[in-house]
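Student: Could you take me slowly through one part of this model, the places where the chain pairs up with itself, and then lead me from there to the buried parts?

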Amino acid sequence: MKNQQLSVRQVRQVFFAVLLTLTLAIPAFGADRKGVRSSNRSPAPAAARSANVGANRNVNVNQNQNRNVNVNQNVNRNVNVNQNVNVNRHVDVDVDVHSHGSYHSGGHFWGGFAAGLVIGAVITSPPPNPQPIVIQNTTYIVSEGVYYQQQGTGYVVVNPPIGVTVQAVPPGATQVTVNGQVYFLANGIHYQPVMQNGVTVYTTVKL
Amino acid sequence: MEYKHTLLAALCGLSLAATAMAADSTPNSVDPEADRWLRAACDKLATAKAYTFKAEVWTDVVVEDHKITTTKTVEAQVRRPDRVHMETRSPRFSRGFWYDGKTFTLLDRPNNLYGSVAVSGTIDQVLDVANDQYGINFPLEDVLVNDPYPSASKALKSGVDLGKITILGTPCHHVAFSTERVDWQLWIQDSPNPLPRKLVITYKQEEGSPQYTAIFSDWNLKSSLSDKTFVFTPPKGAAKIEILPAKTDE
């Protein structure tokens, strides 16, 4: 009986993980699939940018190679990082591939923020698909668009650094207007919404 | 009897297509009958001055080994040569798009944020600008362009006619085409109004070969759509934000 419950729970966990990832991967309008017409436009001037599998795969592999260097310094989770290649590749068919490898969250929508992680929250196990990055000599671990720092054996949710793009603003962010420009304010950080590649993303800015 | 012949021809066509696909350099082998149906459907759309339609769209998302199908609805209003309004709705990603001949606007409905870009030209040109410069892809662009046939028939390596079949109660003609990058199939209403009823695109070069499926409904080729239809009016409380150029790989 106990075993059965355990296995149901495990199944649930797997299902949830898949569900979360898929939720993040659902393409938006604007970030939609190409039709026959665009698929066959070639060589498109923006061939590197097109939703072409090969191009995307290469990009992400490169990103992850870079990240792996950091992974080795910080956490022994190469396997998960490599798994993320796949996740990113599909998420980014129209969206995420265009991000900078080193400064970007990984392009997931509604990540940990949506799961209710607030700044200062500490989790004891590594977040899913951690992507260590170093910005201005500070090491962050980015998972599902949320920035963490390692604290002992735990991971504390921190504000993202200025100048990075995230896919969602923290829970409780309030909309403010400064000089006619709309921002979302959370924990003293201003997030400027912009549309890029057909979806709304948020860049942290210093006002 | 006729159906049998058609089926036989189709099967032959498929095997020919398979042979053609096996040898990359083989010239295209598009069955003239498949081409005729495609052209009829495209011409029907190309000659419509203004039209509206609805579609339900299923898009495969492949994450690791899981393939899941997402669903959304699309409503489109089109007026040749330079007006489009589209709405797509799904629980998280409802979007509106307007092109009024001078500006295109993308509205992120859940966030109530919109961006506009000054642009001019035909529907086709604006789709290309949105795609190439801003990374915005369009659902069902294939039935939006001013003359769908040239882009649909371009790059075909093979095409087969698979005969008659009924789609949701409507007698249709099924044709299938293949290009280097995608396989695609069209079910065309078998009537004096040969309109698309169903479209399936298979992105065969991608892992898991995800598909994009659209079922069309409510075609109206006699719409009279006023200029106002295509002019964006911000919803209450909507904020304008910038549309950045497409991020490219670096």
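Tutor: Val156(A), which lies in E5(A), is the bridge partner of Gln149(A), where strands are DSSP runs (E) of at least two residues, helices are DSSP runs (H or I) of at least four, and both are numbered from the N terminus. This is a predicted model, in which local features need pLDDT of at least 70 and side-chain atom pairs count only at pLDDT 80 or more, while totals for chains, interfaces and linings use all residues. Residues are numbered from 1 along each chain as its sequence is written, with chains lettered from A and ligands numbered from 1 in the order in which they are written.

E4(A) and strand E5 of chain A (residues 154-157) are joined by four bridges and pair in the antiparallel sense; two strands count as paired if DSSP finds at least two bridges between them. In the hairpin that these strands make, two residues lie between E4(A) and E5(A), and Gly152(A) takes a positive phi near 65°. Strand E4 of chain A, residues 146-151, also runs antiparallel to E3(A), to which three bridges join it, and here Tyr148(A) in E4(A) stands opposite Ile141(A). The hairpin of E3(A) and E4(A) likewise has two residues between its strands, and in it Glu144(A) has a positive phi near 50°.

These strands belong to an open sheet of five in chain A, with the order E1-E5-E4-E3-E2 and antiparallel pairing. Its edge strands are E1 (122-123) and E2 of chain A, each of which pairs on one side only. Asn137(A) is exposed because it has 5 other C-beta atoms within 10 Å, and the cut-offs are 12 or fewer for exposed, 20 or more for buried and anything in between for partly exposed, with C-beta atoms placed from the backbone.

H2(B) has 15 residues, and its first and last C-alpha atoms are 20 Å apart, close to the 21 Å expected at 1.5 Å a residue, where the expected span is 1.5 Å times one less than the number of residues. Its buried residues are Ala34(B), Trp37(B), Leu38(B), Ala41(B), Cys42(B), Lys44(B) and Leu45(B). Seen down the axis of H2(B), they fall within an arc of 155°, so they line one face of the helix; the arc is that of the directions from the helix axis to the C-beta atoms. They pack against several elements of chain B, including E1, H4, E8 and strand E9 (170-178).

Strand E1 of chain B (residues 29-30) contains Val30(B), which is buried because 22 other C-beta atoms lie within 10 Å. Leaving aside neighbours within four places in sequence, Val30(B) is in contact with Asp35(B), Leu156(B), Ser158(B) and Gly159(B), contact meaning that the C-beta atoms, placed from the backbone, lie within 7 Å. Although Val30(B) and Lys157(B) are 127 residues apart in sequence, their C-alpha atoms are 7.1 Å apart in space.

The loop between helix H4 (148-153) and strand E8 (158-167) of chain B holds Ala155(B), whose phi, near 70°, is again positive in a residue other than glycine. Ala155(B) is partly exposed because 19 other C-beta atoms lie within 10 Å.

Finally, Leu144(B) is in contact with Ala76(B), Val78(B), Val84(B), Ile123(B), Leu127(B) and Phe138(B), apart from its neighbours within four places in sequence. Ile123(B) and Leu127(B) are among the buried residues of H3(B), and just after H3(B) comes Gly135(B), with a positive phi of about 65°.

Conventions. Contact = placed C-beta atoms within 7 Å.
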